[in-house]
Amino acid sequence: MGRWPGGTQERLQEAAIELFTERGYERTTVAEIATRAGLTERTFYNHFADKREVLFPGQDAFIAGTREAVTAAPAEKSPLDAVLAALTAGSAWFDRHREAAQRRRQLLDAHADLRERERAKVAALGEAIADALRARGLPDPAATLTASVCAAAHQLGTARWLADPEEGTLAHHLRASFEDLRRTARTW
C-alpha cells in the first residue's frame, strides 16, 4: 500500500477523484472506489454517506472548527477579523493539498448535483458563522448578513487560490477577498 499517503478518508478521496476523472462521476460506483483504495465497501460507508460526500471530506469538522474559532476569538476582534482568522487558521493544510483541490473543483464544476451539495456545505458554513457571531453578541440581522458575505468571500478566495498560476497561498487569497469586502463596504 505504499502508493497511498494519509489515512483512510484520503485514500478513498484520491481513489474517487481518479475514477471520476477516468470513467466519469455517474459511471463510478462506491464498490469501485473502495476497491481502487484497497478497502471494502463497508469501510467506505463507515466514512461517507454516499459517493458525493467523498468529495467533501472533513467539511463537517471544518465548519465546526470555524464556528468554535469565531466564538472563541478575542472580544476586541471585529466580526470580519474573527471570521477571517478562523478561516485562515487551517489554510496551510489546503495549500499542501492544492492539486487534489483543483481536481475536485473540476469535478464539481462538471456536475450539477455535486455543485448542489457544495452549495449546501457553503450554506452550513454561513449558518455556523452566524451562530458564532450571535454567540459573540452580534445581533440579527447583522450576524446573518455578516456570515453570508463572509461565506461568499471564502468561496471567492478559494476560487482565486485554485486559479492562481503563481500558486499563492489560500490565506493570501482569503485575506484579499476580505479586503475587497471591506473596500466595497466603505464605498456604500
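In what order do the elements of the protein chain run from the N terminus on? They run α-α-α-α-α-α-α-α-α-α.

**Figure 1. Overall fold of the predicted protein chain.** The secondary structure comes to 10 helices and zero strands; helices (H or I, at least four residues) and strands (E, at least two) are DSSP runs numbered from the N terminus. The radius of gyration is 18 Å, close to the 16 Å that the globule rule gives for 188 residues, so the chain is as compact as a globular protein of that length. This radius is taken over C-alpha atoms, and the rule is 2.2 Å times the number of residues to the power 0.38. Along its principal axes the C-alpha trace spans about 50 × 35 × 30 Å. Residues are numbered from 1 along each chain as its sequence is written. In this predicted model local features need pLDDT of at least 70 and side-chain atom pairs count only at pLDDT 80 or more, while totals for chains, interfaces and linings use all residues; side-chain values use heavy atoms, with hydrogens and water left out.

**Figure 2. The largest nonpolar core.** A nonpolar core is a set of buried Ala, Val, Leu, Ile, Met, Phe, Trp, Tyr and Cys residues joined through side-chain atoms within 4.5 Å. The largest has 27 residues, and those with the most contacts inside it are Val70, Val83, Leu87, Ile129, Leu133, Cys150 and Phe178. At least two residues of this core come from each of H4 (59-72), H5 (79-88), H8 (112-135), H9 (142-163) and H10 (170-187). A second, separate core of 19 residues includes Ala16, Ile17, Leu108 and Leu114.

**Figure 3. Surroundings of Val70.** Beyond its neighbours within four places in sequence, Val70 is in contact (heavy atoms within 4.5 Å) with Ala82, Val83, Ala86, Ala132, Leu133 and Arg136.

**Figure 4. Helix H5 and its packing partners.** Seven of the 10 residues of H5 are buried, so the helix is largely enclosed by the rest of the structure. The buried positions are Leu80, Ala82, Val83, Leu84, Ala86, Leu87 and Thr88. These residues pack against H4, helix H6 (91-96), H8, H9 and H10.

**Figure 5. Thr88 in helix H5.** Thr88 counts as buried because its relative accessibility is 18%. Not counting residues up to four places away in sequence, Thr88 touches Ala171 and Leu174.

Notes. Buried means under 20% relative accessible area, exposed over 50%, partly exposed in between (1.4 Å probe, protein chains only).
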